[in-house]
Every structure is written in structure tokens, then in C-alpha cells.
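Let's walk through this one together, one question at a time. Take a moment with the sequence and the model first.

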There are 2 protein chains.
Amino acid sequence: MPVTLQQIAEAAGVSRGTVDRALKDRGRVRPEVAEKIKNIAKEMGYQPSLAGRALVMAKRNLKIGIIMQSAQTPFMVQVYEGMKAAKQEVESLGGTVEIFRVDGVDAGRVMEIMQEMKEQEYSGIALSPSEDTMLKKMINQFSEEYGIPIITFNSDIEDTKRICFVGQNTIQSGRTAAGLMGEITGGKGEVAVISGHISNPALNNRIRGFQSEILESFPGIQLVGTKYSYDDEWVAAKIVEELLEQYPDLKGIYVTGTAVKGVCEALVKQEKEREIKVIGNDFLDENKKWVERGAINFLIGQDSYMQGYEPVMMLFHLLFDDEKPESVYRYAEIVIKNRYNL
Amino acid sequence: MPVTLQQIAEAAGVSRGTVDRALKDRGRVRPEVAEKIKNIAKEMGYQPSLAGRALVMAKRNLKIGIIMQSAQTPFMVQVYEGMKAAKQEVESLGGTVEIFRVDGVDAGRVMEIMQEMKEQEYSGIALSPSEDTMLKKMINQFSEEYGIPIITFNSDIEDTKRICFVGQNTIQSGRTAAGLMGEITGGKGEVAVISGHISNPALNNRIRGFQSEILESFPGIQLVGTKYSYDDEWVAAKIVEELLEQYPDLKGIYVTGTAVKGVCEALVKQEKEREIKVIGNDFLDENKKWVERGAINFLIGQDSYMQGYEPVMMLFHLLFDDEKPESVYRYAEIVIKNRYNL
DNA sequence: CTGAAAGCGCTTACAG
DNA sequence: CTGAAAGCGCTTACAG
């Protein structure tokens, strides 16, 4: 039977209101009385009731806004699942969560929505940003001038006043791929990297992590260059063909981004899909299929659900409990999957 | 702004009580009125407020009891963390959660506590069972005769009326180990298994999964027998010594249970810790240490936190929302860790 | 079959 | 500095 404010009030011989003021340090309580109340509360093991507090908060109408770019991509659809769960949880506790999904990358649209949110007095915003000077400025303005806390998710935008970034540690993701590649190739042979767009910062970090770990820990592995598919399956397939021609003894390929299909199909066509070790990213249906067929040896992933769930809940805890994020970076766990634990 | 019962009542021209009875099918509402109310609720997108419901439920004093055997083991200490989080969550919603920790395996003590819980009118119980005919009977009696739902966690006890088991799919865990062993040995060579107690069902399942997957998928690997350490580090070290003598070309060792320390120390002593691939289980500090030192290549784990958190929350949702577990088996995800994502 | 009231634990004005 | 009251959304008796 949890202890209530009322019970503490009775034990201390004061009213509920006084107990509340004392415990929350709201002032207007005689110091010695406050002291006594705090002691009693501690002794009785008082834990405030979420239910009670939530009900009161319903009057304040806490509003959380989410802006998601590239919402049409399979990965973001997974993130959206986590958001919906968090939305329901927050709303059953009396808050409101509004999710705006933007197709593709469109910083202008994001800023429009942010303006709208300010006018409608949203209490906090989570957004998946893109590199844009204006957007950076706006994030800072919201944080500092308007006092509206901002959390970034999926991709980060450095040098801004966002209170937290929720997403993958992309460098570490690349390092993990390197460790696996080292293990399954026996630490020797030629290995290639196939990436997506040359200007994608997340993919570039994966490459950096991969390369540096190979250099440090697997001197027997020879990196034979990095190619870019620009997320095009046809280009990816073409790259594989050329690689196989140029390096007939190729041992492994690390695919940092999309265009997994092109890579795998090209390998299957040349009957090399067992021989050449492939490591990919993200647990998308397309990618899983290739793991099951044996063309991909490992997938490295990030907990997509958590990337949707956490930003909302962090804002909720900040606004509801005044509980700040533990750190500026909230990294998703790096998950390794093969065909046995997919 | 979430929709409330009051708003629906106004829209329907009835009282809150009537709306409540209609939506919950409690009867005592004219059918056509009930129909109309349900339609309005759906149109307005009504979601009941958890806060409101929880507050009312506080009167009923929902009590959940947990009995944890082998509570002193490092793994169970991790499970306990998840339980405490769930306890706090449930209690902040007006329920009560009592956790009883039993050192070692003691079915008699478990049954004593269960009796006590029955007398104190607990509403549901989660327990980590051990094989015991009396305990089985008691689980069935509680479920069927007393109507107190039981969930097993960590280890299961088959052929009983427990509503759900939360824990690892141990067969699949063994298969995953086999898949990794196959990859990192290049699919050939001699591989040994070192287990704990010969009568531990979970470890035996891991062995079964491991063996069958090696046989199916890696014909080049030769299994050179299974040894039992009986959880003794010294015995484990001795086994390794003998194995190395008997099979100088040994390529890999799968350690199903504890006594990882003995295995690794013996390998280090013989300077074989890099050469021989080792796969272990569970993310205990001791095990992690050996991964970092490079003596263990992979650890396969179960989400220990979830094994504590889920049983409590499942009982809570059952008792509070009348929401039954989706399936009788709630398996923890099988997690693969190496030194890059530990 | 329907409604009005009480109360769960908390916070927020407001009165003293 | 302190207390009494109202009200958040819901369910549970109880009265009609």
C-alpha cells in the first residue's frame, strides 16, 4: 500500500498543501516544519503517485511536437512505430503528442512546422534535422529565446543548443563491422567498402570507424577502396562487378547504407555469395531476406523503435518531472544479427 | 487535448456513468443508447486516461508477488534491476509489488512464500521455478482453484497452467552460437563444448541447439565431445588442459554456462587464447572482461533486464487492463556481443 | 435503465 | 506561513 501525501500530513500534523510545498521546496513553509515533513516522508518511503500528478497535469495541456524528415523510408517507418507507442503512453497520462511526417529532406518545411508549433505554444519539440544553417539558427532561437527544448533524433546537428541527440553512434557501428569482418575473414584478404551518397555524414562516420578499426586491429586485411552507389541498386551492382574483376580474390564487402539488393544480386549472379563475406546495416525486410538466403553474413543495426520512443519520453520526463536527459548523447545499442537471431 | 468521458457524455446527452457502462459493456444501458455512445466515442477518438483509471484502482489495492530463486547469482542480480524498475512503475500507478529473493534453489521455500501470498490475497504471482512435482501441483492449484495467475520467468516449468513463460529460447541460443562458431572457424576444424551441470535443462538445450545446427550447416566442423565443469573453475581449467592435449588442433570451444574464468585462464596459460575461438553466454562482468582481453570472441546473451521487467508488467496489464499475454512464450531477444558493442 | 455523488492522490489558486 | 477547497478523469456504490 503506497504512502500518500495525506498520510504524511496526518503524521506531521499539518495539511496536504503544506506537505506538498515542503517536499517540492516551493517555499512558504517554516523551515523547521519543512525539515520535519521531509524526514517523515523519507521514513515512510513516500513515492509520489504518477496517476495523481498526471491527472493534475491534464489541466496544463502539455504539448509535444515531433517533426520527422525522410518519413517515407523503411527505417523511418520503424522509428514511427516507436513514436506512436510513446504518443499513446503520454496521451494516456494527459499530455498531447503531434507527429508531423515530412517526405524527403526539406529543412524549409521543418522550419515552417516549427513556427507553427511556437504559435500553438508547444512545450517541446523533437526533430530529425538535416544540415542547414537557417535550421541551426532556429534550433538555437527556440532553445534560448523561446525556452522550447529541442531534441534531435536519427541524425544529429552539431554546434546547436539541442538538449540531446538520440540515435546511433555511427563511428562505433563502423568499428563493430570491422571487428566482425576481421573475425569472419580470418583477419586477412582484400576487403572493399560500398557506401551510399558521398556527402552523407552518418555513412562517412561508419566508413571512418570501419577503416580505422581495420588498420588498428587487422593488419592482414587490405582495404581496396571505397565506392559510392548513391543509393542506386544498379550502380551498386555495377560496382560489385568491377570489384570482382579487379580483385578476383576479394574476401569481403562492407555495405554502409542502402543498395544492398544490387550488391547481393550481383554476387549471386557471379555465384560468389557464399565465398565473399558481406556485412550490411539495418534490419529492413529487404536486408533480412538476404541474410536468410546467406548472401549477407551479418547485419549491424540500431534499435529503431527506441529512436522513436525515447525522444518523446525524454521530452515528457523533462516537462513533466523536470528530469533532464542524463547525457547529451543517447546512443541506441549496436545490435548484431545473423540468420539465427534475426 | 485528449477526449474525456465527460465530453462524450455531453455529446450523447447522458451522464458519465452511462457512458462508462456502455463502453465497458457493463450492461444496464438501453442497447440503442449504448450503440450511439460507442459510435460517438469512436468518432471522437476516445482513449481512456490511464491516470484516471489508476487513481480509482488505488482503492482496490492490486498486489503482485515475485519469487526469485538463485537470487544471489550475478545474472539474477541483473534481472532484479528490471524488477525494481517495474515495481516502481506499478507502484506509482497505485499497485503494490513485493519481491522475495531466495538464495539458491529451494522449491520448499518458494511454496511457503506462495502460501503466504495466497493468505494475503495477492492478485498475481511471478516466480522462477525449479523442477519439483509439488511445486507443479501448487502452480496448477493457484491458477485453477484460486484463480491467481502465475507467470514463470528465467526457467520454465512445462506441463503446468502458468499463463506465460518469460525467458530465453535456449535452443535458439545454442543455434546462434553454432552459427557464429561456423563463421569464425571458417566452417572447419575440431570444436568442443564445455557445459555446467549435467542436469541443467537450460544448458542442455543450448547444447542440443548447438550440436544440431553444427551438424546441419557446418559439415566441416567436427564436434569432439561435451565436457561438464559442474560450474567449477578448477574443473573447467582442467578440462581445457586435457582437450588441448588430446586435440592439439582444436579450433573452438563453446562454453554454455559459468566457469568461463577457468576456461579462459587455462587458454591464456597455454598461450592459445587468440588461436582458439571461444563463444560464451551472458553479459556478466567476468565474461565481459575476457571479451575485452580477446580470450572470448563472442558472448551470446539474453536481455536480463527484460526478464525482470516483463513478468511484473504482464501481470499488471492482465490485472489492470484485463489484457492477456500475446503468447505463452515471451522470449528475450538473443543478443550477440563482441568487444565492439559490449 | 439512468444519474448524481463520492473519492482515488495530487497541485493549484485562494483565503486567512 | 498555513489550511481548506476545487478539480484533473475515472469507477464504484447507491438512489431513483
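Q: In which loop is the place of Glu271(B)?
A: This is a predicted model, where local features need pLDDT of at least 70, side-chain atom pairs count only at pLDDT 80 or more, and totals for chains, interfaces and linings use all residues. Residues are numbered from 1 along each chain as its sequence is written, while chains are lettered from A and ligands numbered from 1 in the order in which they are written. Helices (H or I, at least four residues) and strands (E, at least two) are DSSP runs, numbered from the N terminus. Glu271(B) sits in the loop between α11 (260–269) and β9 (277–281) of chain B.

Q: Is Glu271(B) buried or exposed?
A: The phi of Glu271(B) is near 55 degrees, a positive value in a residue other than glycine. A residue is buried if 20 or more other C-beta atoms (placed from the backbone) lie within 10 Å of its own, exposed if 12 or fewer, and partly exposed in between. Glu271(B) has 8 other C-beta atoms within 10 Å, so it is exposed.

Q: What is the phi of Asp322(B), which is not a glycine?
A: Asp322(B) belongs to the loop between α13 (304–321) and β11 (329–331) of chain B. Asp322(B) counts as exposed, with 7 C-beta neighbours inside 10 Å. Its phi is positive, at about 60 degrees.

Q: Which strands of chain A stand at the edges of the sheet?
A: Two strands pair if DSSP finds at least two bridges between them. The open sheet of 6 strands pairs in parallel, in the order β2-β1-β3-β4-β5-β11 (chain A). Two of these strands have a single partner each, so one side of each is left without a neighbour in the sheet: β2 (96–101) and β11 (329–331) of chain A.

Q: Which residue stands opposite Gly167(A) in β11(A)?
A: Strand β5 (residues 164–167) of chain A runs parallel to β11(A), joined by 3 bridges. Opposite Gly167(A) stands Tyr331(A).

Q: Which element gives the largest share of the side of chain A that touches chain B?
A: Contact means that the C-beta atoms of two residues, placed from the backbone, lie within 7 Å. Here 29 residues of chain A are in contact with 29 residues of chain B. The elements giving two or more residues to this side of chain A are α4, α8 (170–184) and β12 (334–337). The largest share, 6 residues, comes from α8(A).

Q: Which element gives the most to the surface near DNA strand D?
A: A residue is near a strand if its C-beta atom, placed from the backbone, lies within 6 Å of it. In total, 24 residues surround DNA strand D, with Gly17(A) and Arg28(A) among the closest. With 4 residues, the element that gives the most is α4(B).
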